[in-house]
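Subject: Structure handover

Hello,

Here is the structure I promised to pass on. Please open it alongside this note. My findings follow below.

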Amino acid sequence: ALEDGLKKADADPSVKAVMICGENGKFSAGADIRGFSSPKTLGVALGPIVSLIESSEKPVVAAIEGVALGGGLEVALGCHYRVAHAKARMGLPEVTIGLLPGAEGTQRLPRLIGVPAALDMITTGKHIPATEALKLGLVDEIVEENTIEAAIRLANKVIGQPLGPRRLSLKPVPKLPNMEAFLQEAQVKVKRQARGFLAPELCFQAVQAATQRPFAEGVRRERELFQVLLSSGQAQALQYAFFAERAVHRWATPGGINLLFIIFDSILLLSLGLGTMGQGIVTSLVKANIPVVALEQNLEYLNKGRKAVMVLLEREAKKMEGGAQKLDFHNPARLQFTVDFNLLHDVDLVIEAVFENMALKKEIFHKLSNICKPGALLCTNTSALDIDEIASATSRPQQVIGTHFFSPAHVMRLLEIIYGRHTSPSAIATAMQLAKDMKKVGVVVGNCFGFVGNRMMFPYVEQAVFLLEEGSRPEAVDQVLEDFGFKIGPFRMSDLAGLDVGWRSRKGQGLTGPSLPAGSSARQRRGQRYSPLPDLLCERGRFGQKTGKGWYQYERAGGRTATPDPWIHGFLSQYRDTHRIETRYIDQEEILERCLFSLINEGFAILAEGIASGPEHLDVIYLNGYGWPKHRGGPMFYASTVGLPRVLAKLQKYSEAHPDVPKLRPSAFLKKLVAVGNAPLKEWMSYLSRQSPKL
Ligand SMILES: CCCCCCCCCCCCC[C@H](O)CC(=O)SCCNC(=O)CCNC(=O)[C@H](O)C(C)(C)COP(=O)(O)OP(=O)(O)OC[C@H]1O[C@@H](n2cnc3c(N)ncnc32)[C@H](O)[C@@H]1OP(=O)(O)O
């Protein structure tokens, strides 16, 4: 349509200028991402159309409203002038779906805004607001009112002016005094951050080509690099992740109810407990512009919590400086701190974020149930506790729901939303809307120990520790998983989170500590293999970073630089001698497979039990809450790329070698999917004959 329109305009002498805009207040979100997996649509090349726009003999003005992203912004870059609405956003987000701007954007953008700014936009894919675009010179004008009228005004004004200087392909890339050194440094940074993710590096190479070659040759290079990415599995994984994130917004209860109207504007929210999680939750709520009351049990905790929240909010306000939105946190109507439980009468929604202890939570929910107004929704922030048991302490279990935030709660995007046996659809809808307003990804899951994310994490961590017993070292296991793409491996993660957290939970479950029955075997619990290694470290005061020693040693208590610890190596070998464990060399493949396939196996069990409604839900949880490398699409997508028969065969092999480890025993659902001929991921759920009552 663009091509036809331009040709018509060129041929019609009564047309003096052209304005390009989008429909319904949006310029363009770029190419249809679904089209990248269908070879038919790839024949339509956008680059030549952008060139056609640029070569027009009549001035072409882009009127940018809403978004101009990817191919959409590339179209705008072909125009001779760009006018944007003040609320518009622009960006080249192709890198986030595993690609690079493939319609000459990598060659035009550096010519317009310079290499450093272009490189930043193209390698990160960030969206920038119109105000920033104006400062960078990406747009010529921003308007508060009618963008289209403003663009037409500008078009009329420039009729007859020379177009040569407005054609970006004819401009040289602005020089930097130290271009070579700048590029070298930028490449090192991109490589370091990418950890096996191809697109940022190829984006870099495309921009580098703009600095080294004439425009046409740069475009050729851009196309070559685009093709490399297009055929890489990484682009498919990221595009799957894009749609998976949107699919989790669609949820349904067992009765098929999936949406109720929630009016959320005037909600007053109460956050109960101002520990680390509470502080992050309050910060996120203020950022989402939701009026919030923060309640603590005594003044000492309240003042400590208030101080910490203020530090976080000041930091957030700094980050938002220059943007359209301001953080309003000094206004008591938006944020107040109190120890007065009477304020509970007025709130519409409570998020309880006290210590992870069932007795304490039940006591609090009993109190909430008595004080809060009838319609108020009661959310509990828990990472593993039974929602039904917490709800049983109230007279309104239909309004009790789990909201599992991830630490730090003002940074992490994931919010697991856990419904109990009695939770109503409107409670789920409200929690989902809250997630959206907080700019988080809400994923609705069923109620079981550890819910989805932590339940899948347990076998992964368990395998990592078993590997140490059998002969590996913390740094070897971490290295394999970090090479796979995780930001940090399981042992570095455990040191960061604190080994005492798991220790407390295992004591609570009677797996260690005083409640462990006398005469229990050191390495068996309830007939299954158990490793006491983490408990032994805790007994020696090695809690990780906070004590300066854990699976690694640190420069000091609270230090962050992990160094392999010879003490741990000696301790492990003594442990193996004591328990007569034969030490063997464990290769990288076994480390990777045992950790990942046991996690994936649990994922299949979760799907079969109806705890989550599809593999996309599990993948979105892992991508947004557990640092799973985005370019691998999430654990279940990864399993589909490895091939389910291979995953099954490996689990069978490891399970035979370790018959006392139930989490290595292949799930019946995985076996079924292999038996029906390695069903594609999209069809997995159709092979579950009977939906579990949990759905
Ligand atoms: C003028 C362009 C013509 C293109 C011709 C094709 C030629 C092909 C030649 C290749 C040359 C390369 C071209 C270019 O360099 C490559 C690209 O442009 S890749 C695409 C880049 N764009 C993006 O990555 C944008 C992705 N979208 C978003 O960031 C957000 O969706 C949004 C636009 C900011 C809107 O956010 P929200 O308001 O929160 O809404 P949703 O996210 O829920 O989206 C609503 C709905 O729309 C679907 N959707 C959004 N963008 C795309 C897209 N680009 N392709 C397909 N579908 C898209 C989204 O999935 C939602 O639908 P649902 O999944 O809920 O059904």
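Which side chains meet in a salt bridge at 3.8 Å, N to O? They are those of aspartate 388 and arginine 421. A salt bridge here is a side-chain nitrogen of Lys or Arg within 4 Å of a carboxyl oxygen of Asp or Glu. Aspartate 388 sits in helix H15 (residues 387–391), and arginine 421 in the loop between strand S14 (414–419) and helix H16 (425–437), so the pair ties together parts 33 residues apart in sequence. Helices (H or I, at least four residues) and strands (E, at least two) are DSSP runs, numbered from the N terminus.

Before you read on: this is a predicted model, in which local features need pLDDT of at least 70, side-chain atom pairs count only at pLDDT 80 or more, and totals for chains, interfaces and linings use all residues. Residues are numbered from 1 along each chain as its sequence is written, and side-chain values use heavy atoms, with hydrogens and water left out.

**Salt bridges**

The whole structure holds 34 salt bridges. In the pair above, aspartate 388 counts as buried at 19% relative accessibility. Arginine 421 counts as exposed at 66%. The cut-offs are under 20% relative accessible area for buried, over 50% for exposed, and partly exposed in between (1.4 Å probe, protein chains only).

Now look at arginine 529. Its salt bridge with glutamate 469 has the closest N and O atoms 2.9 Å apart. Glutamate 469 lies in helix H17 (residues 453–470) and arginine 529 in strand S17 (residues 528–529), so this pair joins parts 60 residues apart in sequence. Arginine 529 also meets glutamate 470 in a salt bridge (3.0 Å, N to O). That link runs from strand S17 to helix H17, 59 residues apart. Arginine 529 is buried, at 9% relative accessibility. Glutamate 470 is buried too, at 7%. Glutamate 469 is also buried. These residues belong to a salt-bridge network: Glu469, Glu470, Arg523, Arg529, Arg584, Glu590 and Arg594.

**The ligand**

There are 27 residues around the ligand, and Ala29, Gly71, Glu74, Glu94 and Arg246 come nearest. To count as near, a residue needs a heavy atom within 4 Å. A backbone N or O atom of glycine 71 lies 2.7 Å from a ligand oxygen. For glutamate 74, a polar side-chain atom lies 2.7 Å from a ligand oxygen. Glycine 102 has a backbone N or O atom 2.9 Å from one. Helix H3 (71–78) and helix H11 (233–247) are the elements that each give two or more residues to the shell.

Best wishes

Terms used. Polar contact = N/O pair within 3.5 Å; in protein donor to acceptor, adjacent residues only side chain to side chain.
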